[in-house]
Amino acid sequence: MEANISESRKGSLETQEESKIGTVSHESMSDRLKEIYKGKTRVLAPLVGGSDLSYRLLARKYGAEVTFTEMCISEYFLDEVRKEKKQVKAYTYEFDESDRPLILQLAGNTAQPIIEMANLPMFRGKIDAVDLNCGCPQSFAMEKGYGSGLLKTPDRLVDLCREISSKIPYPLSVKLRLEQDTQHTIDIMTRLKNVGVAGFTIHGRFAWQRGDKRGNADWNAIKEIRSAFPDVTIVGNGDIRKFSDFEAMIKDTGVDAGMVGYGALLDPTLFQVETKTTGEIVSDYLTIARKHKNKWIDILRHLEWMIRKSILDVEQKSRLFQTQNLAGIAEVLAHASPPIIFNLNFNFEVEDGDQLAMPYRPRKASAKAERKLKKARAGNPAGTADPTKPQLHEQW
């Protein structure tokens, strides 16, 4: 069911929750988070533009056991709720009883918006914990002092987590990257644990390791961190590319669970041993997506990730992002190399209320993108960049 944002402002939330939360001990919240992860080792990461309900349900169909919502900057969300500012980014929250445990990931550099958002009625009975993003390495986050930028100011981060953990009715976890070196990261985590953080997800990369400098995740650092916190819930993140990597991560580092983001966008079946054809995956995804709230462009972005290994021609990708219904998708995928054939038990026709029938009008490409497309069409290897490629970020 979709959350009704207009109802989320009812009542004075801070007053309602503070008295209840203040009496809950750090140990109690730590135990609650341990219970959430008990016996669950496969986790879908918070993916900006990728952790919508439809994709979370697809991942769960294939074996994901804990899921996260996409990173949400609390101030932006609340500004939109209040209609005080022009919408910066649209956040759509939708829930399903089968999508539990579910962890709400929030971002920001001040406590009040995070506390207010975490206490909104729309999340009650829908989420099991709240996670603070301290892993986003993007320049906009670093400049504003949230995401990985928070790790640069440990005192501020500690104060932030102290206040948040004391004023929300859920366990608070923190997802972070390595900062300076492993010992410095451990020092920060120790301070956070002492002010009420119930658990951590550690991405074994530094903030500078992104894009072309991504490199490999440091599982040895994750292992050292696990050893420093033997009684705390620790989830390991980085370089899980297939089902067996979950077991390898846990065996090699000792963490409670493994988290995957980028790999799951390319192959959502990696949560299970059984493999499926691309056509079967596409069919499963569209069958789920049809039943839930999705923007057409988001569906196309997910499809582009799933078929990335099959479609190499930039014109075919461009055609995919110009489709307006299932028939158009089927036609494009049939011309992939190799062809991707999927079978669905519902019509390709546009129907009122069908989420997959929402029209998408591609925005006009920039002059630079047009030049790249012309070069690609001319067969210039240097110009094969895809101007329609969706800008989905990996998990943070």
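**Close-up views of a predicted model**

**View 1. The loop residue Q180.** Q180 is exposed, with a relative accessible area of 58%, where exposed means over 50%, buried under 20% and partly exposed in between, for a 1.4 Å probe and protein chains only. Q180 lies in the loop between β6 (172-178) and α8 (182-194), helices (H or I, at least four residues) and strands (E, at least two) being DSSP runs numbered from the N terminus. Although Q180 is not a glycine, its phi is positive, at about 65°. This is a predicted model, in which local features need pLDDT of at least 70 and side-chain atom pairs count only at pLDDT 80 or more, while totals for chains, interfaces and linings use all residues. Residues are numbered from 1 along each chain as its sequence is written, and side-chain values use heavy atoms, with hydrogens and water left out.

**View 2. The loop residue D239.** D239, found in the loop between β8 and α10, also is not a glycine and has a positive phi, of about 70°. Is D239 buried or exposed? With a relative accessibility of 14%, D239 counts as buried.

**View 3. Strand β9 and its partners.** Strand β9 (residues 257-260) is covered on both faces, with A257 and M259 buried on one side and G258 and V260 buried on the other. Strand β1 (residues 42-44) pairs with β9 in the parallel sense over three bridges, given that two strands pair if DSSP finds at least two bridges between them. Strand β8 (residues 233-237) also runs parallel to β9 and is joined to it by three bridges. M259 in β9 stands opposite V43 and is the bridge partner of N237.

**View 4. The nonpolar cores.** The largest nonpolar core has 100 residues, and F77, Y93, F123, L132 and L157 are those with the most contacts inside it; such a core is a set of buried Ala, Val, Leu, Ile, Met, Phe, Trp, Tyr and Cys residues joined through side-chain atoms within 4.5 Å. Helix α13 (residues 296-306) gives the largest share of this core, seven residues. A second, separate core of 14 residues includes I36, Y37, A45 and A198.

**View 5. Two cis peptide bonds.** The peptide bond from R100 to P101 is cis, with omega near 0°, and P101 sits in the loop between α4 (74-82) and β4 (102-107). The bond from S337 to P338 is likewise cis, with omega near 0°, and P338 belongs to the loop between α15 (326-334) and α16 (367-377).
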